[in-house]
Amino acid sequence: MSDVAVTSTVDFERPGKQVGRLQVPRSTNESGWSNLFVPAVCIQNGRGPSVLITAGVHGDEPEGQVAALNLARETEPEHVRGRLIILPCMSPDASRAYSRLWPDGANLNRSFPGSATGAPDQQLADYVTRVLFPLTDAVCDLHSGGRSMMCLPWSEMHMVTDRAQRGAMVDAMLAWGTDYHFIYINIAGGGLLVDEAERQGKITIGTELGGGGHTTAAIHRLAEHGLRNFLRHLGVLAGTAATRASRGLPPPVILRAVSADDYVLAPESGLFETLVTLGQEVGAGEPLGRLHFPERPDRPPVDVHAETAGVVCSIRAIATTGQGDCLVVTGQRCGRDELLE
Ligand SMILES: [Zn+2]
């Protein structure tokens, strides 16, 4: 495509394994004539599905970046049927800074579908939208709660309207084999990478692999297994996908948070004291936490209550809280069949 601003050292039509980069033109205070290098790996072998894995869209989410780097390094053409494209670190400057947003304040996960004539984040989004998505059948965008949120680790999806697409997405989401899966809505704006992939009809899955500013060995193991099992399920990676039953595990818990009331926002600024833990069942009206006012020791804390009954999916990880920050997310248990209705 001639009018895209981003260039690639990888030929996504070439068989074999290539390790290269996308280059996004930019001009900064420190470097007037510069390109942002975004690492890209393409592994192609014969006929089969074409799958795009993206990670590090947010720089303070290392879990997916590590899993994608391991996958990219360890996968050879003989392991692949079709094409596997891996962008393991989509926001390199943010990743180096361990920050969610780009240094210029851009949130790449609000930049889609992007623009060839916009800022660098817009140009990168545009390339993914118009060059990479059309090459793929399925997209998995690896996220976590980052520094500001702790999430039960899960794979997730939106309830897209197309039944066939949604059914394929449910199966692909479940193929992660995690204890929890999450059905969500956008409560903090659109322009997500997955929004555009869904719009193009792709089997589109995301993850939230923990978060809270630190990563455990258990999370890395979960990401490692889940990502590969997802790729085996799609048939792009050799081997048989394992079921939870074959691993001696109980059925997963599917949690659905599709009402704005499931996302509890801080009514005013304060210091957040959480009263609940991830995975805990709460009733509607039950206290989730309290906001304290360090400047006013005489002022009692304000209770924050669950607006809907459910399971605590996500808790704010940074106690210092501004008005409107998301404190707790609750999700309601649902069955697989309910997702297909
Ligand atoms: Zn993220």
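Where does Y98 lie?

1. Y98 lies in the loop between α2 and α3. Its phi is near 50 degrees, a positive value in a residue other than glycine. Keep in mind that this is a predicted model. Y98 counts as partly exposed because it has 13 C-beta neighbours inside 10 Å, and a residue is called exposed at 12 or fewer.

2. The loop between α2 (92-97) and α3 (120-132) also holds P113. The peptide bond joining F112 and P113 is cis. Its omega is about 5 degrees.

3. Helix α4 covers residues 163-174, 12 residues in all. From first C-alpha to last, α4 reaches 16 Å. That is close to the 16 Å expected at 1.5 Å a residue.

4. Which residues of α4 are buried? They are A168, M169, V170, A172, M173 and L174.

5. Now the whole chain. It has six helices and 19 strands. Buried residues make up 45% of its 341 residues. Take the contacts with a separation of 6 or more: 70% of them come from residues 24 or more positions apart.

6. Overall dimensions come last. The C-alpha trace spans about 65 × 55 × 35 Å along its principal axes. The radius of gyration is 20 Å. A compact globule of 341 residues would have a value near 20 Å, so the chain agrees with that expectation.

Conventions. Residues numbered from 1 in each chain as written. Predicted model: local features only at pLDDT ≥ 70, side-chain atom pairs only at ≥ 80, totals over all residues. Helix = DSSP H or I, 4+ residues; strand = E, 2+ residues; numbered from the N terminus. Expected span 1.5 Å × (residues − 1). Buried ≥ 20, exposed ≤ 12 C-beta atoms within 10 Å, placed from the backbone. Rg over C-alpha atoms; globule rule 2.2 N^0.38 Å. Contact = placed C-beta atoms within 7 Å.
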